[in-house]
Each structure stands twice: as C-alpha cells, then as structure tokens.
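Please consult the sequence and the structure shown here while reading.

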Amino acid sequence: MSEEKSLHFIEEIVEQDLQSGKYKSIITRFPPEPNGYLHIGHSKSICLNFGLAAKYGGSTNLRFDDTNPVTEDTEYVESIKADIRWLGFDWSNELYASDYFDQLYAFAVSLIQQGLAYVDDSTSEEIAQLKGTPTEPGKNSAYRDRSMTENLQLFEEMKSGKYKDGEKVLRAKIDMAHTNMLMRDPIIYRIKHAHHHRTGDKWCIYPMYDFAHGQSDSIEKITHSICTLEFIPHRELYDWFIEKLSIFPSHQYEFARLNMTYTVMSKRKLLQLVNEGHVTGWDDPRMPTISGFRRKGYTPASIRTFCDKIGVAKRENLIDLSLLEFCLREDLNHTAKRAMAVLDPLKMVITNYETGKTEELTSENGPDASMGTRTIPFSKELWIEQEDFMEVPAKKWFRLAPGAMVRLKSAYIVQCDHFIKNEQGQVVEVHCTYIPESKSGSDTSGINVKGTIHWVSAAHATTAEIRLYDRLFRVENPSSEEGDFKEYINPDSLQIISKAYIEPSLSQATLEDRFQFLRKGYFCLDTDSTKNHLIFNRTVTLKDAWSKEVKKG
RNA sequence: UGGGUUAUGGUGUAACGGCAGCACUACAGAUUUUGAUUCUGUCUGUCUAGGUUCGAAUCCUAGUAACCCAACCA
C-alpha cells in the first residue's frame, strides 16, 4: 500500500542520500523555541521529522532553540514536550541550544581569529542604516577593520559583562553589498543582561538564531535539517558558518508551512488572542494549538492522518479545515461510544404509556458489535429535541409533526396526536401514542417510518453543560484580509448550553472517553468538568444533509 | 530599481517526454432504527504567449502572478 504512494521531495532526497551512501542512517530534529504553545502547523513539522526517522530507520532529537532569554520560559518547554508525546512521538535526545553556549562562544572566537568576525560599537539604528535595502548595497561599518586582538579583547569584555545591552555586537565579516541581506555582516552575538530559563545568569551575551541553529545541527550530526520556506535565505549563511568553522556539514531543506482556513497560525497572533482575552487561554478549544485541539476532543491519530494527507511541498497553501474534520470524523466514527443527549429540550408525553413504569431498553454502543450494548431507561415522559418537531412540516420532513410517526431510537414508534403551546406561541409539549408492537429489536408492527430521533427519559436524565464551538474566524483567511485580523473574529464561536439532558450512563464519563451524541456530533468531557457539574465540549458536528436541504429552501 | 521561492479543478497533492490520477469539498442517487456511516455516480484543472518534439503539465524562450528577504526575534 505505502509503495503505491509517491514520495514527497524530502523523502526523495533522503532516499538518494541513503542509496548513494552519503549517510548510513539519518538524524532529524524538531527545534521549537520555547516561547509559546505548539499549534497544528508544528504538528506538520513534527510528523515530518519524526516520520522520516521512523520510516528510514533514523532518530529524531527534540532541541529547544532557546537563544533569546527574554521570551522563553520553562512553562513552554513542558507544554511542548507534553504535546509531542500526546501526538504519539518520542525523541531520542532532549537537547537545548543553550547546552552549546560554551561551544558556540568558542566558534565565535575562532571566527574572530580567522578575521571573519568583528565587534561593532554602532547603534542598532546605525547598523540598520548601513545595511542598505534589498535594492541598494550596504556600507561598511567604521568598526569593520578592527584588529583581531582588539576584537578578541572586546568580545571577551562583552562576555564578562563590561558593556550594557546594545552597546556592542559581534558581527560576521562577509559582504555588505551581498544581494542576500542576511549575508551583509549579520549580527551573531548580542548583549542581553537577562535571566535565562536554563543557564540562569551565567551569560550576558547570547548567540543569534543564525549562529546557533546550524551549529547545533552540526554538533548533533543532524543529516537533514528541515524547516519552513521563510528560512531559505538563511541557508546560505547556514552553509557559510559550517564551512568557515569546518564542522559537520548538516544540510537545510525547506518546505511550505501549513495554513488552514478560518484560523491564524502565527505565534504572535495566537499570543494576542490569548493576551487580549478573545479566548480563555492557549488550550481554549477554539485555538489551533495542539492543546486546544486536545481539549476539544481531537484524537492524535486524526491529526497524524491529516498531516499525512496534506503532503509536503514548497508551494504556499491554504488547507480546508474540512479535511481536518474529515480525518477526525473518520477516526471518531470507529471509536466513539454512542449515547443520547438532548440539547434543546421539548417535553414528550406518551399518553398511552403506563404512568410510573420504566423499561430498560438495549442500545448498541457503536457501529462495531465488539463495542457492546448498554441499557437506557424508557418511561412515559421524555425529552426530545425542539428542532425535531415542526408544527407545519416542511417538504421532505420526516421527523415529528402533527399526525406524523417517528421511531424513538432503540425504543418504539410513536405518533404525534397533539401539542401544547405557551402564551408566547412556542410549542412546549407534544403528546404521542406509542405502538407497543414496534419495540426495537422485536418489531412486529409492520410499520415503516422514515425518521428516527433521539430522546432521554425525563425522570432518569442527568443534566450537563454543553459547549458548542464554531470556527474562530468568519473569513477563510483572516491574515490576508484588510485591516486587523481580529476584526474577523467570529462573535458566535462559542455557544454555551447550560442545561442539556443526557442519558444516565453519561454521568460515568471520563476525560478519556469520546462520545457521539446521536445526531448531534462528537463530544468529550471538558477539563473544567466536575462530578457535580458535567461539561461536555462538542469536538465536531456530524455531517448534516438536512441543514443543507433547509438552506436550499 | 535587487535577490530568492513557487505556479496542476473550489482545496491539497501526484505525474520524472507517452491515457492528467488520488483525496477533501460540492452535487446526484442507493442503503440506513443516527437526514450519520457505508456504497455508486457527476461536475470542475496543467498561469499566459511562443517554440522544440511523432508526442509537452514536464524541455527551451519571453512574460505574468503570489510569497519571502532591509529585528541586537526564531
């Protein structure tokens, strides 16, 4: 099966490298900066890096790119590790760029000794000024030709804390007229008197990304360093440092990052949503974070399948959210236990059913017989869904209406005799008669009905809060719209049903359980839930052909 | 006025000079004690213009469009 599927370009590169004998086995890495929570876009990279190593018999390191102490925190380190594990992956080594600070410092000294780096006293404004623009070459800094000994001494002084933040930087000496802006004497070390989450106050100078990432790859003998497209211009610098330092030649390859409809994917924007209270936190079920999807009830398998289906290429993309939902439903359909819950209750009284009588009816837990059955209490008064009754039935309506018959799932066929309205004209009660011979499993009535609806026995029901989520944004691509992306937030992304009626068995639900509430979607317990106050999240709706029919008119 | 990357149905992704395939979406139908699932079918595509070739999505030439690059962020 897997042989039929064609390889993506990175797999082709790996196979070539293996076949040519360039490498005996491969080593990849997943290199997050611990300054935020992982999102669905990261899972593409995780599945790629870990998947490659698994497929071709290599290993994958988890390396935290923690070279900027002011934005990073151990809170993020912990959440990142939990999210990767939840997705189903395990790393060979847990490493940190900060582990290499001594080595990186030595690399910088080596560059200075080779005359390939210098200390610059210019302000950041001056440096920006002299850098030029993409269409105009830059100019050399006045400090560019300092002697090697002076540079060595100055850099040593930077390290020892003699200078304040921003007073000096160390730059690679390359070419201020280079067409690649990153090659115009990039800053490789800056002064930051800041506390680092791991190295504490040992350092007051920190390497820039470009002076840490490639070298870290090299130290770990990473064979294939895979990153996203925006790092393409960095590759030239990446290779330059490796060459000048004469270290293990890791290679960088770039693929297009994941974009998905109706959401945003940049850490900056996600941070804004959290900080400005548009969502309740990083793990809000509306967030595209891994922890958000987890809380909402997504399964790790569905996300892995999704990442597999979207492919790996270099073209900008905007993936339909519906593909993720398809992968989710496909998984949940096979694994979720079926149960009944009424979200918008309407009282049904079965007038010819004995008052006070309770029957224990049997219902299947899922499509697969191995999932077993459970019993559900049935009695004279039930809750059904308000939307399952229409006083004046629409065309092709086969649920309840005056005179109409429906099957109560796993129970009896009932016929609607009349209904009661309140003063506001709302239907508040429907009265039905049931057909005793139509009992589910032993139906001898000979009656065929088109509609089957779910229900809960009023006397036996438990209540629960239910949270219904919708897309966070009203438009497909909030980032490409005019103005601020937050203007496009969907005001109705969360609907709370404070009192829904659920079948009794649901009171035993655990956080790990996945349910399909019949005809209403997939649900799971929320982490806010308590024994006395059950809270269910809707993971995703079921596909709904009827609502489409309604829209058509 | 620079450099880099990418262009295949509505979306994503295959094709490695030889029948444009697959999946999602949409639509139609069958089955259904979930208007779900399952099954069957349908619509829709090679950025443009030239050229090479028996034959071009693929090779060549010239355009066009989108994205990225001027943080002491990663």
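## Pockets, cavity and RNA surface

The second largest pocket has a lining of 37 residues, and H42, T228, E230, F231 and R257 lie nearest its centre. The model is a predicted one, in which local features need pLDDT of at least 70, side-chain atom pairs count only at pLDDT 80 or more, and totals for chains, interfaces and linings use all residues. Residues are numbered from 1 along each chain as its sequence is written, chains are lettered from A and ligands numbered from 1 in the order in which they are written, and side-chain values use heavy atoms, with hydrogens and water left out.

On a 1 Å grid over the protein atoms alone, a pocket is an open set of points with protein on both sides within 12 Å along at least five of seven lines, whereas a cavity is a set of points where a 1.4 Å probe fits but cannot get out; lining residues have an atom within 4 Å of a point. A volume is the space filled by probe spheres set on the points, which are joined across faces, edges and corners.

The second largest pocket draws at least three lining residues from each of domain 1 (9-255) and domain 2 (267-337 + 464-552); the domain bounds come from an automatic or database domain assignment. Strand 1 (27-30), helix 2 (40-56), strand 8 (224-228) and helix 9 (267-275) each give at least two residues to this lining. Helices (H or I, at least four residues) and strands (E, at least two) are DSSP runs numbered from the N terminus.

The largest pocket has a volume of about 1,500 Å³. Its lining comprises 50 residues, of which R329, R538, T541, L542 and D544 are the closest to the centre. Domain 2 and domain 3 (346-452) each contribute at least three residues to that lining. Among the elements that supply at least two residues each are helix 12 (321-335) and helix 13 (545-552).

The table sets out volumes and lining classes. Ala, Val, Leu, Ile, Met, Phe, Trp, Tyr, Cys and Pro count as nonpolar, Asp, Glu, Lys and Arg as charged, and the others, Gly among them, as polar.

| Space | Volume | Lining residues by class |
|---|---|---|
| Largest pocket | about 1,500 Å³ | 19 nonpolar, ten polar, 21 charged |
| Second largest pocket | about 970 Å³ | 14 nonpolar, 15 polar, eight charged |
| Largest cavity | about 40 Å³ | two nonpolar, four polar, one charged |

The structure holds one cavity of 30 Å³ or more. Y209, D210, H213, G214, H234, Y238 and Q252 line the largest cavity. Helix 7 (213-219) and helix 8 (232-245) are the elements that give two or more residues to this lining.

RNA strand B is surrounded by 63 residues, with E12, R315, R338, S440 and Q516 the closest; a residue is near the strand if one of its heavy atoms lies within 4 Å of it. Of the RNA atoms within 4 Å of the protein, 62% belong to sugar or phosphate and the rest to bases.

An N or O atom in the side chain of R338 is 2.5 Å from a base oxygen of RNA strand B. The side chain of K552 has an N or O atom 3.0 Å from a phosphate oxygen of RNA strand B.

How values were computed:
A polar contact is a pair of N or O atoms within 3.5 Å; within protein, one must be able to donate a hydrogen and the other to accept it, and residues adjacent in sequence count only if both atoms are side-chain atoms.
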